[in-house]
Amino acid sequence: MKDCEATSIAALEKAINYCFSRRDLALEALTHRSYKTWDAHARDNQRLEYLGDAVLQLICARMLFDALPGAEEGELSRQRASLVCQGALAAYARRLGIDGLLRVGRGEEHTGSARGDGPVSDLFEAVLAAVYLDGGLEAAQRMALPCLEWGMANAVYTMDAKSALQELTRHTLGEDAVYDSRQIGGPSHKPVFLSTVSAAGRVLAQGRGGSKKLAEQQAARRALELLQKKEEKHVPEDAGNPGL
């Protein structure tokens, strides 16, 4: 194993607080399919991502089953979908600090396309699968549960971001959020879209993605984060006047 590969694995182990017995699994989890432009024999993380998705679904389902004893099947399904959506998984990976460890191919390090929510969310699931294969379900739970619990406590992911933003702007600004989305670059097979979300005559946030839908979701998530931070800091003007 090359020194640079060993360094990446060590950084991954530190980030997720897990030591691999099978280091080949860790390296495979960190390898984006584009890396084959450097090494045609490298195993990419797509098979692990497939398995990691199933493992994560199980862990999340059990967590919600225990945490929400009064919830019906439909509510449990909606909560699970929001906690394991692409944006949430990418946020978990970035929260762990493993997104920068993804091994990418020629050109990808310059375009940044392999650092988007899709590849980064795949990375999280692939790493989870590697931990599961190496250490079993209990080890996988130790990695995944803190992320899922954080996601559950974070209002941004309790529902689809655009729906959540719509509810918030109606409540706080009295108007719906509107989106202005357009293609700003990229080839025809891999376009890049920019979406600007506004409400009550002011721009709230912008987002980028490989489709209008993804760009709007990213813009909505960023707007939610900004509005929620503002609400947390807000002090009502009449708070010091008990007569009002």
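Helices here are DSSP runs of H or I at least four residues long, strands are E runs of at least two, and both are numbered from the N terminus. With that settled, I opened my notes on this predicted model.

**Entry 1**

I began at S21, which sits in the loop between α1 (3-16) and α2 (23-29). I looked up its accessibility: the relative area is 67%, and exposed means over 50%, so S21 is exposed.

N17 has a relative accessible area of 72%, so I list N17 as exposed.

**Entry 1: the loop between β2 and β3**

Where else did I find a positive phi in a residue that is not a glycine? At A200, with a value of about 55°. A200 lies in the loop between β2 (192-199) and β3 (202-209). Its relative accessibility is 37%, so I put A200 down as partly exposed.

**Entry 2: α3 against α4**

Next I turned to a helix pair. Two packed helices are described by the angle and the distance between their axes, and I looked up both. The axes of α3 (residues 46-67) and α4 (residues 73-83) come within 10 Å and cross at roughly 130°. Over 145 degrees would count as roughly antiparallel, and 65 to 115 as roughly perpendicular; α3 and α4 are therefore oblique to each other. The crossing of α3 past α4 is right-handed.

Which residues meet there? From α3 I have Q57, C60, A61, M63, L64 and F65, and from α4 I have L76, Q79, R80 and L83. I sorted the residues of this contact into 7 nonpolar, 2 polar and 1 charged.

**Entry 3: the whole chain**

Last, I stepped back. I count 10 helices and 3 strands in the chain. In sequence order the pattern reads α-α-α-α-α-α-α-α-α-β-β-β-α. The chain has 244 residues, and 43% of them count as buried. Taking contacts between residues at least 6 apart in sequence, I find that 54% join residues at least 24 apart. The accessible surface comes to about 13500 Å², and carbon and sulfur atoms hold 51% of that surface.

Conventions: Residues are numbered from 1 along each chain as its sequence is written. This is a predicted model: local features need pLDDT of at least 70, side-chain atom pairs count only at pLDDT 80 or more; totals for chains, interfaces and linings use all residues. Side-chain values use heavy atoms; hydrogens and water are left out. Buried means under 20% relative accessible area, exposed over 50%, partly exposed in between (1.4 Å probe, protein chains only). Contact means heavy atoms within 4.5 Å. Accessible areas come from the Shrake-Rupley method with a 1.4 Å probe; for residues, only the protein chains shown count as cover. Axes are lines fitted to C-alpha atoms, for helices over the stretch in contact, and angles run from 0 to 180 degrees between N-to-C directions. Angles under 35 degrees count as roughly parallel, over 145 as roughly antiparallel, 65 to 115 as roughly perpendicular and the rest as oblique. A crossing is left-handed if the near helix is turned anticlockwise from the far one by less than a right angle, and right-handed if clockwise. Ala, Val, Leu, Ile, Met, Phe, Trp, Tyr, Cys and Pro count as nonpolar, Asp, Glu, Lys and Arg as charged, and the others, Gly among them, as polar.
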